[in-house]
Amino acid sequence: MEKRVINPWQWQDARSYVQAVEIKQPQAVLYVAGQAAVDEHGGSSVEDMRSQLLLAIANLEKVIREAGYEPSGIVRLNIYTTSAEELLGCFDVFQDWVAVHGIKQASTLLEVQSLFDTLTVELEATVVR
C-alpha cells in the first residue's frame, strides 16, 4: 500500500487532521460503524464528554484490532457530537491519541441534535492496510 497525504496549507496540522489522503493499492479496507461510549453489555454511558470520548476511542481501537488492522491505518475519521463546544474542550484527548498512533486522517466534525440514548460523541472510521 502507498499512502500520500495532501495538505495545501499548514493550519490543519494544529487541528490533528489532513486535507486528503490518497491510498494506492491497499491490501484491504475496513469500514467501521460509529463507535461510541457503549460498554461491553450494550449500555450507553452517562458520563461527561471526556469520559465518553475516551471510551469511544477505546471501542474504535478494539474493533480495528479485532479485524486485524492498526489505528495507524485510519485514513478517514468522522466525528459526530451533540456539542462541538464540549468536545473541543477535551480535544487534547483526541489529539494525543492521533499523535501516539501517527494517524494522518481526513476528518469531518459534525454537531448533531442527538445521538442514541445518552451518547454525546461517536467516531466513524475508514481503515486501510
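Residues are numbered from 1 along each chain as its sequence is written, and side-chain values use heavy atoms, with hydrogens and water left out. Because the model is predicted, local features need a pLDDT of at least 70 and side-chain atom pairs count only at pLDDT 80 or more, whereas totals for chains, interfaces and linings use all residues.

View 1. The protein chain holds three helices and six strands, where helices (H or I, at least four residues) and strands (E, at least two) are DSSP runs numbered from the N terminus. Along the sequence they follow the pattern β-β-β-α-β-α-α-β-β. The radius of gyration, taken over C-alpha atoms, is compared with a globule rule of 2.2 Å times the number of residues to the power 0.38; the chain has a value of 14 Å, close to the 14 Å that the rule gives for 129 residues, so it is as compact as a globular protein of that length.

**View 2. Strand β4 and its two partners.** Strands pair if DSSP finds at least two bridges between them. Strand β4 (residues 74–81) runs antiparallel to β6, to which seven bridges join it, while β4 and β5 pair in the parallel sense over six bridges. On the β5 side, L77 stands opposite S107. Six of the eight residues of β4 are buried, so this strand is largely enclosed by the rest of the structure; buried means under 20% relative accessible area, exposed over 50%, and partly exposed in between (1.4 Å probe, protein chains only).

View 3. T126 belongs to strand β6 (residues 121–128) and is buried, with a relative accessible area of 18%. R76 stands opposite T126. Leaving aside neighbours within four places in sequence, T126 is in contact (heavy atoms within 4.5 Å) with V29, L30, Y31, G73, I74, V75 and R76.

View 4. A pocket is an open set of points on a 1 Å grid over the protein atoms alone, where a 1.4 Å probe fits, with protein on both sides within 12 Å along at least five of seven lines, and lining residues have an atom within 4 Å of a point. The largest pocket contains about 160 Å³ of space, a volume being the space filled by probe spheres set on the points. The lining consists of R15, Y17, I79, L88, F91, F94, S107, T108 and L109. The largest share, three residues, comes from β5.
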